[in-house]
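Let's take a walk through this one together. Have the sequence and the coordinates open, and follow along as we go from the overall picture down to single side chains.

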Amino acid sequence: MGFGIPQHPVSRPLVYVELPPPGRHSNTHRYPVAFVGAGYRGILTSAATRIRGLVSVADIAPTLVSLQKGRSPRIKSSPDADTTDDLRWLDRRLTRVHHDRGWTYVETILLVLALVAVAPAAGALGGAGAIAASMLLSFLGVTTFWVVIVAMLLLTVGLVFAGSARRRLIPFSVGLFLIGYLAVLTLSSETNSLAVFGARPDGGARFYGIGNQLETLMLAPLIAAVVVGGLPWLAPLGALALVTVGWSKAGADGGGLIVFAAALAVLFLRLRPVPVSWRSAVLAGAGVVALVLALVGIDAALGGSSHVTQAVGSGPGSLLGDLGHRLHLSWLVATRSAVNVGFFLVSLAILVWIGTRRPRRAAIDAMLVALAVSLLVNDTPVEVISLGALGCLALLRFESVNSRPMRRGALTAVGVLAALALAGCGSQGVVSPAPKTVVGTVKQEAPGKAIFINQGCGACHTYTPAGPEAKGNIGPDLDKLATYAKQAKQPLETFVHDSIVDPNKYVQKGFPKNVMPKSYKTLPAGDLKDLVDFLTKPQG
């Protein structure tokens, strides 16, 4: 096996890990882990990451518990000819992608702004072109910095000009992009995960699928294509987009599903030959909700399983709890630093300026509504609003190339956003701790601690045994669970179990109902028991 671990028979599974020293560290460093015994051989795999050789630390303790209880473990293994060499290659690639991403991000923003100024049709497709170029480079395994920078520039320019050579080609180009991207997400998930514009597993974000960055980059090209093609293109392009962002096999971005459905609903209303009324707007809103629920239901019925299907299946209380949780995280991200506040406010000012322009345009209305929904349901507000402002500028120029006043205003906004992108340029050192190697059996913490952290409980609750990150104040202080149980006149373990699976059964005074998600009742029985044990006897 890798990492110089001696071959020897074991009577039960052992885990060898390399641990970081105490303290806070950047979430971009990976640590070796090896499983010995229990049939493990080759390279570790996990459905939670969909990347051979990369597993989540939160899955280690539950995997050991599953093995000890004879259940199917979260972390498995598959044969590999040279595990050590392949893991070194993966670690090197993730490091390079992380380094390249920031520069590529700024390059793409400046490129799209330049296209918006000189070639509006190509600028409207900029997000799709950048994603397609990123997928191609990832598929080819290109990671050298200057090659990535130059290739991204040339490929993106070539793709967007080819796709917009004739205005009537734009719907076909976007349709081909969506088909290709869906194929990558379902057939070669690692290609997306290891791309500079991908899931970003190197920095603690998603391991696979479409995140908020990709979702926002895709909005402007989709809207432009529907505007050009008209209502006949709304259904086919809309269906492709919704499947791409919402299907469990592709990654299941629940926020993206709602955002895209909202944009398509606005386009449907605005492209019809009849005026938009309050009644039609309300009906369209209800249609969006019904469509999203229907798509999630179909996905679940066909065997799909994700955080989206689980949240929807748990009822409106769970959905409201998830929404409250995301709004709380959004506020923390937006106010984390002066730079974040600056980016948010300048981008917001650009969007307000665009939103007050006359005449009203279908593409702009659809984009603005989609961004408003995205800021509500997603938790990366700075990224959403800055890329959203970029997409809105592209659509403004795309729809107003023959209007001189609009053109001057759009070009001024382009200059402001370009200056903002350059101001945000820079590099931040990465803390790479020098951990000690632990060889032997690692003392296992309470398995429920990993579940507590992995489920994000610390964002809403304070609980000292879970570590310094568990300082939320949306829900009750879990350090006082024993007191709450006495007030409810219930045994502690029963009280905690019931409060997890049925949050409204007992609501602590001073806290509202229907905030905590009800999706936790879908946790596996073993995980639920481990979580209850951690909350009632955390050192167990």
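**A walk from salt bridges to surface**

Start with a pair of charged side chains: Arg360 and Asp365 come together in a salt bridge, with N and O 2.4 Å apart. Asp365 is buried, because its relative accessibility is 12%, while Arg360, at 36%, falls in the partly exposed range. Keep this pair in mind, as we'll come back to it. One thing to say before going further: this is a predicted model.

Now zoom out. The protein has 21 helices and 5 strands, and of its 540 residues, 50% are buried. Its accessible surface is about 25,400 Å², with 64% of that belonging to carbon and sulfur atoms. If you take the contacts between residues at least 6 apart in sequence, 71% of them join residues at least 24 apart.

Back to the charges, then. Glu383 pairs with Arg200, their closest N and O atoms lying 3.1 Å apart. Glu383 belongs to helix 16 (residues 381-399), whereas Arg200 is in the loop between helix 7 (189-193) and helix 8 (212-229), and 183 residues separate the two. Arg200, with 23%, is partly exposed.

For a local pair, look at helix 21 (residues 525-536), which holds both Asp533 and Lys529. Their side chains form a salt bridge with an N to O distance of 3.0 Å. Why can they reach each other within one helix? They are 4 residues apart, about one turn of the helix. An α-helix has 3.6 residues a turn, so residues three or four places apart point the same way. Asp533 is buried, with a relative accessible area of 17%, and Lys529 is partly exposed at 47%.

Go to helix 20 (residues 492-501), where Phe495, Val496, Asp498, Ser499 and Ile500 are buried. The buried residues of this helix pack against helix 19 (481-488) and helix 21.

Next, turn to the surface. Val341, Leu345, Leu348 and Val352 make up a nonpolar patch there, and together they have about 310 Å² of accessible area. To find it, go to helix 14 (residues 338-355), where Leu345 lies.

Last stop: Pro79, in the loop between strand 4 (75-78) and helix 2 (83-118). Is Pro79 buried or exposed? It is exposed, because its relative accessible area is 75% and the cut-off for exposed is over 50%. Even so, Pro79 has partners beyond its sequence neighbours: setting aside those within four places, Pro79 is in contact with Arg41, Gly42 and Arg52. Leu44 is 35 residues away along the chain, and its C-alpha atom lies 9.0 Å from that of Pro79.

Conventions: Residues are numbered from 1 along each chain as its sequence is written. This is a predicted model: local features need pLDDT of at least 70, side-chain atom pairs count only at pLDDT 80 or more; totals for chains, interfaces and linings use all residues. Side-chain values use heavy atoms; hydrogens and water are left out. A salt bridge is a side-chain nitrogen of Lys or Arg within 4 Å of a carboxyl oxygen of Asp or Glu. Buried means under 20% relative accessible area, exposed over 50%, partly exposed in between (1.4 Å probe, protein chains only). Contact means heavy atoms within 4.5 Å. Patches are made of residues with over 30% relative accessible area and no salt bridge: like charges are joined within 9 Å, nonpolar side chains (Val, Leu, Ile, Met, Phe, Trp, Tyr) within 5 Å. Accessible areas come from the Shrake-Rupley method with a 1.4 Å probe; for residues, only the protein chains shown count as cover.
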